[in-house]
Amino acid sequence: MTLSQLAAVAVIEKDDEEARKLLKHWVKVYPRSTGARIMLAQYLFHQKEPKRALEELQRPPAIDTDVAAYHKLLGEIYFSLGAPASAASSFSKLITISPKSVEGHVWLARIARRMKQPRRMRDYLLAALEVDPQNEDAKRMLIKNYLESDDYDQAQKLVEELKSRKPFDADVRLLVATV
């Protein structure tokens, strides 16, 4: 197996000590490998080490940053560190690189919500639903946005859509009761 495969197996098997060792070794052997650096940074981020993950992505030598996974992870790290403007910049770059990224739009909606910008949040969620009209996360967030904006008719329409697709889902039933 290759070094990347060994590292991936260790991560999947939740062998933290071995995963960390193999990921660091992979980065040491291939310091310009975007995949290696992203995987190590992602591992660190999921180990609740966002500052170390950020340092890993930004340290020399430079890696190819014209990669959707890089900007998605960078945005998530910035968001977790309480830097919404930097997170928004990363997610905007993600959408530029990968225009069909529903996740990018949904993350931008989360940031707009945190920054108390409900109209902007709605715009991002509508953009996400243009890309994937069935995306339930975007629909649920949009329903809450409509409810907070007292737009009950729009919220009701979306709740009915969700209810027809998942009539026994507990979250959907809660939304039905709310509307």
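Colleague: Which residues are linked with R20 and E49 in a network of salt bridges?

Modeller: This is a predicted model. In it, a network of salt bridges joins R20, E49 and R52.

Colleague: How do I read one link of that network? Where do E49 and R20 lie?

Modeller: Start with the contact. The side chains of E49 and R20 meet in a salt bridge, at 2.6 Å from N to O. E49 sits in the loop between α3 and α4, and R20 sits in helix α2, so the pair ties together parts that are 29 residues apart in sequence.

Colleague: Is E49 buried or exposed?

Modeller: E49 is buried, with a relative accessible area of 18%. The cut-off for buried is under 20%. R20 has 21% relative accessibility, so R20 counts as partly exposed.

Colleague: How many salt bridges are there?

Modeller: The count comes to 12 salt bridges. One of them is formed by R37 and E56, with the closest N and O atoms 3.3 Å apart. R37 lies in helix α3 and E56 in helix α4, so this pair ties together parts that are 19 residues apart in sequence. R37 is buried, at a relative accessible area of 0%. E56 is buried too, at 11% relative accessibility.

Colleague: What do the side chains of E103 and K72 form?

Modeller: They meet in a salt bridge, at 3.7 Å from N to O. This pair links distant parts of the chain: E103 is in helix α7 and K72 is in helix α5, 31 residues apart. E103 is partly exposed, with a relative accessible area of 43%.

Colleague: Now the rings. What describes a pair of aromatic rings?

Modeller: Two values: the distance of the centres and the angle of the planes. This structure holds two aromatic pairs. F79 and W107 form an edge-to-face pair, 5.0 Å centre to centre, with 70° between the planes. F79 lies in helix α5 (residues 68-80) and W107 in helix α7 (residues 102-114), so the pair ties together parts that are 28 residues apart in sequence. F79 is buried at 15% relative accessibility. W107 is buried, with a relative accessible area of 15%.

Colleague: Which kind of pair do F91 and W107 form, stacked or edge-to-face?

Modeller: Stacked: F91 and W107 are 5.1 Å centre to centre, with 5° between the planes. F91 is in helix α6 (residues 84-97) and W107 is in helix α7, so the pair ties together parts that are 16 residues apart in sequence. F91 and W107 are both buried. Ring pairs link F79, F91 and W107 into a cluster.

Colleague: What is phi near in K116?

Modeller: Phi of K116 is near 55°, again a positive value in a residue other than glycine. K116 is in the loop between α7 and α8 (118-131). K116 is exposed, with a relative accessible area of 72%.

Colleague: Is the peptide bond from P60 to P61 cis or trans?

Modeller: Cis, with omega near -5°. P61 is found in the loop between α4 (50-58) and α5.

Colleague: Last, the surface. Which residues form a negative patch?

Modeller: E13, D15, D16 and E17 form a negative surface patch. E13 lies in the loop between α1 (3-12) and α2 (16-29). E13 is exposed, with a relative accessible area of 59%.

Methods. Residues numbered from 1 in each chain as written. Predicted model: local features only at pLDDT ≥ 70, side-chain atom pairs only at ≥ 80, totals over all residues. Heavy atoms only, no water. Patch = residues over 30% accessible without salt bridge, like charges linked within 9 Å, V, L, I, M, F, W, Y side chains within 5 Å. Areas by Shrake-Rupley, 256 points an atom, 1.4 Å probe, with all protein chains shown as cover. Salt bridge = Lys/Arg side-chain N within 4 Å of Asp/Glu carboxyl O. Lys, Arg positive; Asp, Glu negative; His and termini not counted. Charge placed at Lys NZ, Arg CZ, Asp CG, Glu CD. Helix = DSSP H or I, 4+ residues; strand = E, 2+ residues; numbered from the N terminus. Buried < 20%, exposed > 50% of the residue type's maximum accessible area, 1.4 Å probe, protein only. Phe/Tyr/Trp six-rings, centres within 6.5 Å; stacked < 30°, edge-to-face > 60°.
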